[in-house]
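Please look through the structure below before reading the notes.

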Amino acid sequence: MSDLLAVFLQPASLTRWQQMLMLLPLCLSISVVYKTTKCERVRDIPWAAFVSWITIVVGMYLVGIVLLVVYEVATRHW
């Protein structure tokens, strides 16, 4: 029990690249589950989930870039 508790009290430290790579399987699982509930035919799920996954990942990275730029601009002027 104490080993399991240690995982939550002292999480593994990840680099920025590792954190960005961990976003990929998370977005893939979300898109598969979402498209499974929305597609009428089972054979449509893989392609629809792939398109949704790419959309989510690109959107998340674009939001991150925009927020980074806004942060950098805001901290330079002060």
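The model is a predicted one.

**Residue S31 in helix α2**
- S31 belongs to helix α2, which covers residues 16–38.
- The relative accessibility of S31 is 0%, so S31 counts as buried, because buried means under 20%.
- The side chain of S31 comes to 3.3 Å from the backbone oxygen of A49.
- Apart from neighbours within four places in sequence, S31 is in contact with A49, S52, W53 and I56.

**Helix α3: length and buried residues**
- Helix α3 runs over residues 45–77.
- The buried residues in α3 are I45, A48, A49, S52, W53 and V57.
- Helix α2 is included in what covers these buried residues.
- An α-helix has 3.6 residues a turn, so residues three or four places apart point the same way.

**The nonpolar surface patch**
- W47, F50, V51, I54, V58, L62, I65, V69 and V73 make a nonpolar surface patch of about 820 Å².
- One of these patch residues, V73, is found in helix α3.
- V73 has 41% relative accessibility and therefore counts as partly exposed, because that class lies between the 20% limit for buried and the 50% limit for exposed.

Technical notes: Residues are numbered from 1 along each chain as its sequence is written. This is a predicted model: local features need pLDDT of at least 70, side-chain atom pairs count only at pLDDT 80 or more; totals for chains, interfaces and linings use all residues. Side-chain values use heavy atoms; hydrogens and water are left out. Helices (H or I, at least four residues) and strands (E, at least two) are DSSP runs, numbered from the N terminus. Buried means under 20% relative accessible area, exposed over 50%, partly exposed in between (1.4 Å probe, protein chains only). A polar contact is a pair of N or O atoms within 3.5 Å; within protein, one must be able to donate a hydrogen and the other to accept it, and residues adjacent in sequence count only if both atoms are side-chain atoms. Contact means heavy atoms within 4.5 Å. Patches are made of residues with over 30% relative accessible area and no salt bridge: like charges are joined within 9 Å, nonpolar side chains (Val, Leu, Ile, Met, Phe, Trp, Tyr) within 5 Å. Accessible areas come from the Shrake-Rupley method with a 1.4 Å probe; for residues, only the protein chains shown count as cover. A salt bridge is a side-chain nitrogen of Lys or Arg within 4 Å of a carboxyl oxygen of Asp or Glu.
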